[in-house]
Amino acid sequence: MTDASILTARRATLRARLAALGVDRGTVAFPGNGESPMNYRDNAYPFRQDSSFLYFFGLSRPDLAAAIELESGHSAVYGDEGDLDDIIWTGPLPSLASAAEAAGIGTVKPRAAFAPDLGKAGTAHWLPPYRADTLHELAAALGMAPDAVNSSASLPLVKAIVGMREIKDDAEVAELEKAVGITVAMHKAALAAAKPGMTEAAVAAIVTREAISGGGGLSFPVIATTRGAILHNHDHSRVLAEGGLFLLDAGAETVSGYAGDLTTTFPIGRRFDSRQREIYDIVLSAGEAGCAAAKPGRPFLEAHLAAARAIAVGLASLGIMRGDPDDAVAAGAHALFFPHGLGHQLGLDVHDMENLGERHVGYDGAGRSEQFGLSALRLGKALKPGMVHTVEPGIYFIPELIARWKSERKFETYIDYAAVDRYAGVGGVRNEVNRLVTAVGGRTLGPAFDKSAAAIEAARG
Ligand SMILES: [Mn+2]
């Protein structure tokens, strides 16, 4: 668990940031997560504490809540000590009182007191809930209709927390390095083991084994697919066939809750064929362009556009695109091949703080562009040292999208559809790295992992 001194300092900083935003009275409510039933109450999904709760209170056990009184700065945790009936099932756990003390909190109240205390608080401040249990508890405690709980969530609280969590301190960077390290091991295990004739499920199992062996688990459901052009394909039923590409997008979560998120694309056989290799090298160059442009003081939107430009230039060298690459990117023609965003923040959530609302998390209060492609970019704001984000360009040949654009003769100035058809068999290629923004630029987190085509082929034996 994070040190009491760090947690106490974070709560004090939150109070100071709220005061600077004109909020200095009332109670900040942090309902923790409970168990979440999969198909009946006693068969739950793996427990995951709310990330802001972890950040400020450090306690990862179900059915807790916490509150900070803004006038006094006093913090309290609400929860119940296990009794003998619980211990029979869970074994003895450290007492909640001692766990709270280790988090720098002296006051522990029964869990049932949280809602009445909140009802009496005068002014209450809360984050928009993303779980129904939390929504219902807040609605009842605040005497509100459930629909009103999200719309009345505290914008200053969202802004104050985004301002803190977006900058990772040294201890957090060390945890992220650990998460990326386990994630690299997951990807290297797949590179070493995936063979023609195996199922996608067997590769997903190898990858998952590494994540669990790391002590934590997965940071999101594994994408292990022979059909990389289906962006979020969680189906694992296909058999790996010689000649195709395999796309793995998977990450580990550490015991403390920090996430890694990498994507690797490799040949199912031992070598890329010439077209696969051409597309693969363009994706790598787009990643390099994105990393070079992701630096402090510059909007991440510029890094996205730099990667898009590298894709347009690279595809023009193959005759797939044509015309001025800057004009093509400005028009959005490259999005036929690169229809998603270049990256997102990474931290206690794999899409860090996404529950707090993208407008404030990814765009400093502005919003996404409506242009196809850019409309899928989660992160557009100016970068600051200490931010952690992914860079994950891809090139995909999505048959349905190509057919639609071709029938509409869309962007024919910039796209040669006959050449597109010649490369359609490549399917999908994505490469993803995790980056820390530094004072002068950025650096890739985790142990060295050479993604050059030669190194990938060497890893395939
Ligand atoms: Mn990602």
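Which residue forms a salt bridge with Arg48, and how far apart are the closest N and O atoms?

1. The partner is Glu253, whose closest N and O atoms to Arg48 are 3.0 Å apart; a salt bridge here is a side-chain nitrogen of Lys or Arg within 4 Å of a carboxyl oxygen of Asp or Glu. Please keep in mind that this is a predicted model, where local features need pLDDT of at least 70, side-chain atom pairs count only at pLDDT 80 or more, and totals for chains, interfaces and linings use all residues. Residues are numbered from 1 along each chain as its sequence is written, and side-chain values use heavy atoms, with hydrogens and water left out.

2. **Two domains.** The domain assignment of the protein, automatic or from a database, gives domain 1 as 4–165 and domain 2 as 170–459. Their C-alpha centres lie 35 Å apart. In contact (heavy atoms within 4.5 Å) are 15 residues of domain 1 and 14 residues of domain 2.

3. **The area between them.** The two domains bury about 1200 Å² between them, with 59% of it on carbon and sulfur atoms. Buried area is the accessible area (1.4 Å probe) that two parts lose on being put together, summed over both. On the domain 1 side, Arg48, Val162 and Arg165 lose the most area to domain 2, together 43% of what that side buries.

4. **Polar links and the elements behind them.** Between the domains the count is 3 salt bridges. Across the same interface there are 7 residue pairs in polar contact, both residues at pLDDT 80 or more; such a contact is a pair of N or O atoms within 3.5 Å, where within protein one must be able to donate a hydrogen and the other to accept it, and residues adjacent in sequence count only if both atoms are side-chain atoms. Helix 2 (51–57) and helix 8 (155–165) each supply at least two residues of the domain 1 side, and helix 8 gives the most, with 6 residues. Helices (H or I, at least four residues) and strands (E, at least two) are DSSP runs, numbered from the N terminus.

5. **Back to Glu253.** The structure holds 24 salt bridges. In the pair I opened with, Glu253 sits in strand 11 (residues 252–253) and Arg48 in the loop between strand 3 (43–44) and helix 2, 205 residues apart. Glu253 counts as buried, at 18% relative accessibility; buried means under 20% relative accessible area, exposed over 50%, and partly exposed in between (1.4 Å probe, protein chains only).

6. **Other charged pairs.** Glu354 and Arg378 meet through their side chains in a salt bridge of 2.9 Å, N to O. Glu354 lies in the loop between helix 13 (325–331) and helix 14 (358–361) and Arg378 in the loop between helix 14 and strand 13 (388–391), so the pair ties together parts that are 24 residues apart in sequence. Glu354 is partly exposed at 37%, and Arg378 is partly exposed at 28%. A network of salt bridges also links Arg165, Lys168, Asp349 and Asp352.

7. **A residue worth a look: Thr225.** Thr225 is found in strand 9 (residues 223–225) and is buried, with a relative accessible area of 1%. Its side chain reaches the backbone nitrogen of Arg227 at 2.8 Å. Leaving aside neighbours within four places in sequence, Thr225 is in contact with Glu200, Asn233, Leu245, Phe246 and Leu247.
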